[in-house]
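Let's take a friendly walk through one chain and its side chains. Have a look at the model first, and then we can go through it together.

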Amino acid sequence: MNRFSEDVEVMDKAVTNIIGVLFGAVLFLIGNSTVLAISNPWTLVILPFCIAGMEFYGRYYRKTIRELQRIYLVSVSSVYQDMVEAILGRVTIRAFASSQRVMWASV
């Protein structure tokens, strides 16, 4: 139960932080758009293209970063698996005096 409540607390803090950042970004966009509209209304013509370009870039970035994270986790999982097997099988490894071989196989 304690771990679950800690996980919920972490998520609450993360969501609160994300909402704050999102709210600040929206206010920043509205403020800058207002200043642009007052100073040079023709720059507002470019604004939808900039928003569309950033959305395209954001979607590409999110897909790419997910794939990189997946590749990283797959490559690291074998190392963790080997470490777990070595820890669980340490009695057998010591019995056959194979500590050095297992150590070099893990590196």
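## Ground rules

This is a predicted model, in which local features need pLDDT of at least 70 and side-chain atom pairs count only at pLDDT 80 or more, while totals for chains, interfaces and linings use all residues. Residues are numbered from 1 along each chain as its sequence is written, and side-chain values use heavy atoms, leaving out hydrogens and water.

## Overall build

The chain has four helices and zero strands, in the order α-α-α-α from the N terminus. The radius of gyration is 26 Å, well over the 13 Å that the globule rule gives for 107 residues, so the chain is more spread out than a compact globule. On the definitions: helices (H or I, at least four residues) and strands (E, at least two) are DSSP runs, numbered from the N terminus. The radius of gyration is taken over C-alpha atoms, and the globule rule is 2.2 Å times the number of residues to the power 0.38.

Along its principal axes, the C-alpha trace spans about 80 × 35 × 15 Å.

## Surface and charge

Of the 107 residues, 7% count as buried. The accessible surface comes to about 9800 Å², and 71% of it belongs to carbon and sulfur atoms; these areas come from the Shrake-Rupley method with a 1.4 Å probe, and for residues only the protein chains shown count as cover.

As for charge, there are 10 positive and 8 negative side chains, with the centres of the two sets 6 Å apart. Lys and Arg count as positive and Asp and Glu as negative, without His and the chain ends; each charge is placed at NZ of Lys, CZ of Arg, CG of Asp or CD of Glu.

## A nonpolar patch

Met 54, Tyr 57, Tyr 61, Ile 65 and Leu 68 make a nonpolar surface patch of about 560 Å². Patches are made of residues with over 30% relative accessible area and no salt bridge; like charges are joined within 9 Å, and nonpolar side chains (Val, Leu, Ile, Met, Phe, Trp, Tyr) within 5 Å. Met 54 lies in helix α2 (residues 47–88) and counts as exposed, at 57% relative accessibility.

## Salt bridges

The count of salt bridges comes to three, each being a side-chain nitrogen of Lys or Arg within 4 Å of a carboxyl oxygen of Asp or Glu. Glu 55 takes part in a network with Arg 59 and Arg 62. Its closest N and O atoms with Arg 59 are 3.0 Å apart, and the bridge between Glu 55 and Arg 62 is 3.8 Å, N to O. Glu 55 and Arg 59 are four residues apart in helix α2, about one turn of the helix.

Glu 55 is partly exposed at 37%, Arg 59 is exposed at 53%, and Arg 62 is partly exposed at 39%.

Glu 67 pairs with Arg 70 in a salt bridge at 2.6 Å between the closest N and O atoms. Both lie in helix α2, three residues apart, about one turn of the helix. Glu 67 is partly exposed at 36% relative accessibility, as is Arg 70 at 44%.

Key. Buried means under 20% relative accessible area, exposed over 50%, partly exposed in between (1.4 Å probe, protein chains only).
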